[in-house]
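Have a look at the sequence and the 3D picture below. We'll take a walk through it together, one piece at a time.

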Amino acid sequence: MQAIIFDQPGSAEQLRIDHVSTPTPKTREILIKVKATALNRADLLQREGKYPPPAGASSILGLEVSGEVVETGSQVARWKRGDQVFGLIPGGGYAEFAVIHEDMAMPMPPGFSFTDATAIPEVFLTAYQALKWIACLQAGETLLVHAGASGVGTAAIQLAKQFKAKEIIVTASATKHALCHKLGANLSIDYRTQDFEEKIQEHTSGRGVDVIIDFIAAPYFNKNIESLAMDGRLVLLATLGGIKVEEINLLKLLSKRLQLTASTLRSRSLNYQIQLTKDFADFALPRFETQELRPIIDSIYSWKDVVEAHKYMESNQNSGKIVLQLEE
C-alpha cells in the first residue's frame, strides 16, 4: 500500500508518499480502506522525533481514520466487509489501509461524510475524557478552556454545553472568538492582548472557575491556580508553552483544595480506550445525528499535500480540524 512516511526526524519537508507493507488485522481487529485521516499536534511532534509511538503501534503518523471495512480478524463479531466506520488508532492513519480494534471503531453517523467522521475521534474523545472522566464537570459549574478554537477546544465547548455547564469561558485569538461563541462559549479572552487571570477574576467577582482545561502548561500554571475556585480542577493535556515552572506556591493548592491531573490518551491501555470509546459513543453519537454536536473542520487537504497541511498547522491559523482526504 501507499503511506506517508519520513526517513528521519525533522521538518514537514521530510514527509513523502511511498510504498510500505499493508497491515494484517489480528483476531479482534478490522482492516479499513482509509478514506480520510486528520492532523494532530502529536503528528508534528512525532515527525520531529519528540513523541515516539507507543510500543507495538505503527510508526506511520495518523491517530484517527474513517473508511470502509475490507477485512476482519477471525474473532471479529461487530463488523463485516463494507461497513463504514471511524475511530481512534495509536498510529498508522496516514496510509491507504489501517487496522483498528473492533471495539475502538464506531459506526458512521447517518448523513456524515468520511471527512466529517474523521474529524471526531481524537479531539472529542480527548475532550470527553478531560471533562467527564477526569474533571467530572457538573451541571451549573463554570469552565475555562484554553485554546478554545483548537480541535479539542471546539469539542470541549460543545460537550460542556451538553453537560449543562453554567458558563464556558475560552482563551483564543480575537479572530477566532466568533466561532467559539457560535459553539456555546459565553466569554472569549484574547490571550494576545488580555491577561486571562485578570479577566477571570473580574468576570467571576473573584470566585474563579470550577474547571480549567489547559494545553499551554508552564507559562499559564500559576495564573491557572489563581483562576480556580474552591475545589477547582485543573486538567493538563499538553505542554505547548513549556515544561518548567520556576516557582509554585503549594499553599494555594491546599487552601483552595485544588486538584491537578495531567493526562495523555495515546499511551492509555487498550481496555481504557475501549471503555472510553463506548462511553463516548453512547453519549455522543445520538447527538451527532441530531446535530447537537458537530465536528469543526477548518480545512481539507489532499493527502498528497501533507507537507502544506503540516506547515499550516504549525502556523496556528486553523480553527478546528485539518483533514487529509485520500484519493481513490
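This is a predicted model: local features need pLDDT of at least 70, side-chain atom pairs count only at pLDDT 80 or more; totals for chains, interfaces and linings use all residues.

Now find strand S3, which covers residues 29-38. Is S3 buried or exposed? Buried: 10 of its 10 residues count that way, so S3 is largely enclosed by the rest of the structure.

Which strands does S3 pair with? One of them is S6 (residues 97-101), joined to S3 in the antiparallel sense over five bridges. Within that pairing, Ile30 has Ile100 as its bridge partner. Next comes S4 (residues 64-72), which also runs antiparallel to S3, this time over seven bridges. Here you can pick out Lys33, whose bridge partner is Glu68. Then there's S15, made of residues 321-325, which pairs with S3 in the antiparallel sense over three bridges. Look for Thr37 and its bridge partner Leu324 in S15. While you're looking at strands, here's a handy bit of background: in a regular strand, side chains alternate between the two faces of the sheet.

Now for the charged side chains. Side chains of opposite charge can pair when their charged atoms come close. How many salt bridges does this model have? The count comes to 18.

Start with Lys80 and Asp83, whose side chains meet in a salt bridge at 3.1 Å, N to O.

Another pair is Lys223 and Glu197, with their closest N and O atoms 3.8 Å apart. Lys223 is partly exposed at 26%, and Glu197 is partly exposed at 21%.

Then go to Arg257 and Asp231, which form a salt bridge of 2.8 Å, N to O. This pair links distant parts of the chain, 26 residues apart: Arg257 is in the loop between helix H8 (250-255) and strand S13 (259-262), while Asp231 is in strand S12 (residues 228-236). Arg257 has a relative accessible area of 49% and is partly exposed; Asp231, at 35%, is partly exposed too.

Finally, salt bridges can share partners, and here they join Arg28, Arg78, Glu102 and Asp103 into one network.

Technical notes. Residues are numbered from 1 along each chain as its sequence is written. Side-chain values use heavy atoms; hydrogens and water are left out. Buried means under 20% relative accessible area, exposed over 50%, partly exposed in between (1.4 Å probe, protein chains only). Helices (H or I, at least four residues) and strands (E, at least two) are DSSP runs, numbered from the N terminus. Two strands pair if DSSP finds at least two bridges between them. A salt bridge is a side-chain nitrogen of Lys or Arg within 4 Å of a carboxyl oxygen of Asp or Glu.
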